[in-house]
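Subject: Structure handover

Hi,

Here is the structure for you to look over. My notes follow below it.

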Amino acid sequence: MTNAQIADAFDMIADLLEFQAANPFRVRAYRNSARTLRDYSESLAWIATQEKQKLTEIDGIGKDLAEKIVQLVMTGDLPFLQELREQVPQSVLALLRIPGVGPKKAAALHKQLGIATLDQLRAACEEHKVRDLKGFGEKTEQLILAGITLAATASLRLLWAEADTLANSLREHFKDCPGVEQFEFGGSYRRGKETVGDLDILVVAADPTAAMDRLGAFEQTKDVIARGETKMSIRTHSGFQIDLRVVAAESFGAALQYFTGSKEHNVIVRGMAKAKGLKINEYGVFKVTGDKETYVAGTSEADVYATLGLPEFPPEMREARKEFDWAAAGELPELITVDDIRGDLHMHTHATDGTASIEEMAAAARARGLSYIAITDHSQRVSMANGLTPARCLEQWKEIDRINKDQPAGFRILKGIECDILEKGGMDLPDDILAEADWVIASVHYGQKQPRAQITERILGAIANPYVSMVAHPTGRLLNRREAYEVDLDAVYAAAKEHGKLLELNANPMRLDLNDVHLAAAKQHGIPIVINTDAHSTEGLNVLRYGILQARRAGLTKTDVANTRTWLQLKKLIGKK
Ligand code: DGT
Ligand code: CA
Ligand code: CA
Ligand code: ZN
């Protein structure tokens, strides 16, 4: 649990107390401590488990709050917070997320206008009822209305990994549904897009009613948005939409092609069909003569594409970028797969903010079929994570030498470091230390809000450092949570090319950084990509496949990705002896 998450819990308590018009001093105490905890420079989780008596030494943290921190860290939640949540209508919590609506305003809306949901709030704003409440006014009303629209559109895309979990439960749920002959997902999920707006299910079923009833009975279904003869849309408890369409077997391929999209890809497909005197839609491909339409194909996607002389594009390619040029030239790239990856070059151990030992990470990597890993703990600047000083680096690397002796033949642990790029520029560790490592990652973790010129300069400086091998998560974005920093990527590509440096595709499902478009650009510049997990635990190694999906969307092949090579080959690539 991070300091920010602990602070969020305390802020939530303050919000809920304020909503209930609790004693303002009590509310302020929680708010102030939330701020203190958010800015605290050491890991509270660590202190709470290792030396919890130190918690009360933090400004404004008494015995009661210290106990709450320990409880949060140990159990992930607080009974006190749970109680408060139960006392406040769930829908009111959504009001609190609207910019311009704090707990006090939410309470006023709730008490005086009976508003409990976003829809009711929107209606009240549109009917100008909100502006007349004490402390609101016309401007606030407009602000709230804009906030509702933003909240409705921005927050509800799931990370691909989250959509995947949901999709797997659905697949399981439909497994023994009588009469279902085919079951497939289309849409952005099938294309492997990094976030997914809704899930699109296609089934062939003897009895459409039974299939739709099945979706209605899914444990996560909250309400049915719409239901017809062969289509249905539902919303899950968390507000996510799922569309289901039942199609005939002879249309399944056509429907799958159509609903996989992307829309832009389909526009081109339709145009090509028209030029051949064909019509293509979700029911099939039809030959048009006069006003007669004859079914030509539609059972499988391969058949549908074949009528246009096109290959069955991997779904990840269907974004109307290069795929039609590749097809015309008869050279679709052979996209990289998980099995092509031989090594993982970014991971943490319990020496810093990871949870496992070097041996445990190595064993987990071997179990996943890898033949090398680099241990890349944080450097000293990352004090929150207990980052490594030069002395601790050398000590860890000696330990790795020792552990390597006991590793089976054909497996190797590399001595690495994730070295911070300092706010003022320059590396967090001296060159003579970096020179001792097999593999040096350069990362920005601080000063992410710096202006474009400054942050770009820092990264270019790191690329020019002769001991740096790769820049990790080069844009720093966190999906749904934090924008990328203002880095001039063209300058980064040029510098990486000039100095023979590599760029990362960080496979963490919240990062996926570089993104697909950037990766394709980096490939154009001839820069080798490294797909890493940035694992902080043994299970963290499992995120590799999310990175592979984005690499495929970028059109990367095995040769574009550096860690498909053996360590010996890779070593040559980065110019190490
Ligand atoms: P999402 O859900 O926002 O992440 O993105 P998609 O691509 O899954 O979009 P969605 O769910 O609205 O529709 C699924 C696919 O169906 C889309 O990729 C292409 C196809 N499709 C939907 N509506 C239209 C349309 O109006 N025209 C065309 N050509 N295709 C459409
Ligand atoms: Ca969709
Ligand atoms: Ca949809
Ligand atoms: Zn890392």
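**Cavities**

Three elements each supply at least two residues of the lining of the largest cavity: α13 (252–260), α14 (263–275) and β8 (278–281). Please keep in mind that this is a predicted model. Among the three, α14 gives the largest share of that lining, with 3 residues. The lining residues are Q257, Y258, N266, V269, R270, I280 and N281. By type, they divide into 3 nonpolar, 3 polar and 1 charged. The space inside the largest cavity is about 50 Å³.

How many cavities of 30 Å³ or more does the structure hold? The count is 2.

The second largest cavity has about 40 Å³ of space. Its lining is made up of L159, W160, A161, E194, P509, L512, Y546, L549 and Q550. Two elements give two or more residues to this lining, α10 (160–174) and α23 (544–553). The biggest contribution is from α23, with 3 residues. Here the lining residues divide into 7 nonpolar, 1 polar and 1 charged. Which domains does this lining draw on? Domain 2 (158–246) and domain 4 (338–571) each provide at least three residues.

**Calcium sites**

Next, the calcium ions. The calcium ion (ligand 2) is coordinated by D198 through O and OD, and by D200 through OD. Those contacts run from 2.2 to 2.6 Å. The angles subtended by the 6 donor atoms around the calcium ion (ligand 2) span 68 to 167°, so the arrangement is irregular. For reference, six octahedral donors would ideally give angles of 90 or 180 degrees.

Which residue bridges the calcium ion (ligand 2) and the calcium ion (ligand 3)? D198 does. The two ions are 3.7 Å apart.

Is D200 buried or exposed? D200 counts as buried, because its relative accessibility is 10% and the cut-off for buried is under 20%.

**Zinc site**

What coordinates the zinc ion (ligand 4)? The donors are H346 (NE2), H348 (NE2), E418 (OE) and D534 (OD), at 2.0 to 2.4 Å. In sequence, these donor residues follow the spacing H-x1-H-x69-E-x115-D. The angles among the 4 donor atoms run from 79 to 165°, and the site of the zinc ion (ligand 4) is irregular. To count as tetrahedral, four donors need all angles between 85 and 135 degrees. Both histidines, H346 and H348, are buried.

**Backbone points to check**

The last group concerns the backbone. As background, most residues other than glycine have a negative phi, and most peptide bonds are trans.

Two cis peptide bonds are listed here:

- G261 and S262 are joined by a cis peptide bond, with omega at about 0°. S262 sits in the loop between α13 and α14. Both of those helices also supply lining residues to the largest cavity.
- D513 and L514 are joined by a cis peptide bond, with omega at about 5°. L514 is in the loop between β16 (502–506) and α22 (516–524).

Two alanines with positive phi are listed too:

- A21 has a phi near 60°, a positive value in a residue other than glycine. A21 belongs to the loop between α1 (3–19) and α2 (24–39). A21 counts as exposed because its relative accessibility is 62%.
- A320 has a phi near 55°, again positive in a residue other than glycine. A320 lies in the loop between α15 (301–306) and α16 (323–328). With a relative accessible area of 28%, A320 is partly exposed.

Best wishes

Terms used:
Residues numbered from 1 in each chain as written. Chains lettered and ligands numbered in written order. Predicted model: local features only at pLDDT ≥ 70, side-chain atom pairs only at ≥ 80, totals over all residues. Heavy atoms only, no water. Donors = N, O, S within 2.8 Å, 3.2 Å for Na, K, Ca; no water. Tetrahedral: all angles 85-135°; square planar, octahedral: opposite > 155°, others 65-115°. Buried < 20%, exposed > 50% of the residue type's maximum accessible area, 1.4 Å probe, protein only. 1 Å grid on protein atoms, 1.4 Å probe; cavity = no way out; pocket = protein on both sides within 12 Å on 5 of 7 lines; lining within 4 Å. Points joined across faces, edges and corners; volume = space filled by probe spheres on them. Helix = DSSP H or I, 4+ residues; strand = E, 2+ residues; numbered from the N terminus. Nonpolar A, V, L, I, M, F, W, Y, C, P; charged D, E, K, R; others polar. Domains from an automatic or database assignment.
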